[in-house]
Amino acid sequence: MVVNVGNTGNAGSAAGNAWGVAERYREFSWREARGRSDAHEELSARISQDAEFCDLLSGSLPAGNKQQPNLLLAAVRYLDGPHAEMGPRGEAAYGRWREWTIRHWDEVRAVIMQRATQTNEPARCATLLPLLARLPQPLALLEAGASAGLCLHPDRYRYRYEGDGEGRDGRRAGALRAEVGAPESPLVLTCRTGGAADELPDRLPQIVWRAGIDLDPLDPAAEPDDLRWLQALVWPGDEERAARLSAAVEAVRPAPRPRMVRGDLLDELPALAAEAPPEATLVIFHSSVLTYLPPARREEFARLVRSLLDGRPGGGHWISNEHHSVLPWITGPAHPSPRPDDALLLTLALDGHPVALTGPHGQSLHSLPGAADTPGS
């Protein structure tokens with residue numbers, strides 16, 4: 001379908017929203033893609049300066065999550081648009097990308113409306129593992145926003161914790177500090193850490209039940225189309241992350257499927273939590289998920305989790321791994337010497353108590369002072 005980008009049928013409201021769309025792409029280019037993906041940085045910057053294309057986006061996509069830059073860029077890659085692997089570089093290449101996207105807009109929009117930004121980063125298991133390993137065993141894992149459920153299988157991967165040159169024991173950067181996990185796993189996760197050796201896991205958790213909730217659960221081990229979508233969400237040029245995704249899918253392929261529920265996090269959580277076996281420690285966890293909820297719903301979610309765990313015989317634990325701005329009522333950690341990338345770090349918290357700063361893709365774990373004394377650990 002050929003679309004007249006200057007006339008989307010909702011000119012008044014589109015014109016009013018096009019500036020907001022442009023600003024969203026500009027922010028994405030500057031704050032998220034810069035330094036992580038040259039292709040996405042350039043492409044989103046060019047879109048932000050393309051008033052007619054922003055008019056198309058604002059006039060034909062609902063405001064909110066459906067106007068996320070990630071979603072559009074992944075949809076075009078998913079459909080094998082031009083420069084799908086490395087992204088359009090240069091003005092001529094952007095022109096080809098733009099022309100193809102407009103010509104195939106019906107298909108692109110259909111993918112955007114059907115799909116969501118469900119990046120499922122298994123490497124975050126490396127930052128969750130130290131907490132999971134020291135909780136009372138066995139565990140019943142319930143992930144809110146589980147996507148493809150790859151983080152519900154921390155016992156299927158192998159882990160290498162390496163020094164980053166800042167540790168209290170003075171070990172040099174890159175030195176192996178701990179190694180644990182499934183010996184034959186196709187996925188080996190490396191995580192930089194500066195904590196004491198006794199804060200790192202020496203065993204895998206014992207997991208007897210796994211479940212997840214998502215608006216659109218994926219099964220990349222059984223559904224090639226789901227795997228294709230997850231691959232499209234990996235940013236161009238990030239071969240390491242693409243390889244990690246493929247290895248994680250292979251690692252979980254032989255395992256029984258977790259119990260996956262389609263629906264809203266808050267609506268489905270009570271009934272699903274009630275299914276957890278009573279002899280296991282229920283652990284409700286999530287990583288970079290609550291940012292997609294409005295602030296009032298985040299607070300409601302936190303109250304619901306606390307209520308469910310308080311009302312469970314034997315209790316349970318809540319592990320959150322979110323940006324500090326998402327859960328502002330969790331005390332923000334003091335960081336004595338912030339580095340340039342600190343703005344991207346997540347705050348790992350156990351039962352509402354911050355215990356560590358983590359890399360957004362599980363690449364680093366730095367315990368906070370007093371984390372070992374956190375209640376429940």
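This is a predicted model: local features need pLDDT of at least 70, side-chain atom pairs count only at pLDDT 80 or more; totals for chains, interfaces and linings use all residues.
Residues are numbered from 1 along each chain as its sequence is written, and side-chain values use heavy atoms, with hydrogens and water left out.

Four cavities of 30 Å³ or more were found in a search of the whole structure. A cavity is a set of points, on a 1 Å grid over the protein atoms alone, where a 1.4 Å probe fits but cannot get out; grid points are joined across faces, edges and corners, and a volume is the space filled by probe spheres set on the points. The volume of the second largest cavity is about 90 Å³. Its lining residues (those with an atom within 4 Å of a point) are Q118, T119, N120, E121, P122, L230, L233, V234, R241 and L245. At least two residues of this lining come from each of helix 8 (224-233) and helix 9 (239-252); helices (H or I, at least four residues) and strands (E, at least two) are DSSP runs numbered from the N terminus. The lining comprises five nonpolar, three polar and two charged residues, where Ala, Val, Leu, Ile, Met, Phe, Trp, Tyr, Cys and Pro count as nonpolar, Asp, Glu, Lys and Arg as charged, and the others, Gly among them, as polar.

Helix 8 also packs against helix 4 (residues 69-78): the two axes come within 8 Å and cross at roughly 125°. Helix 4 is therefore oblique to helix 8, the class left for angles that are not under 35 degrees (roughly parallel), over 145 (roughly antiparallel) or 65 to 115 (roughly perpendicular). Axes are lines fitted to C-alpha atoms, for helices over the stretch in contact, and angles run from 0 to 180 degrees between N-to-C directions. In the contact (heavy atoms within 4.5 Å), N70, L71, A74, A75, R77 and Y78 of helix 4 meet D225, R228, W229, Q231, A232 and L233 of helix 8. These contact residues divide into seven nonpolar, two polar and three charged.

The Q137 to P138 peptide bond is cis, with omega near -5°, and P138 lies in the loop between helix 7 (125-134) and strand 1 (139-144). D80, a residue other than glycine, has a positive phi near 60° and is placed in the loop between helix 4 and helix 5 (91-103). S288, likewise not a glycine, has a positive phi of about 50°; the loop between strand 7 (281-287) and helix 11 (295-310) holds S288.

Note on methods: On a 1 Å grid over the protein atoms alone, a cavity is a set of points where a 1.4 Å probe fits but cannot get out, and a pocket is an open set with protein on both sides within 12 Å along at least five of seven lines; lining residues have an atom within 4 Å of a point.
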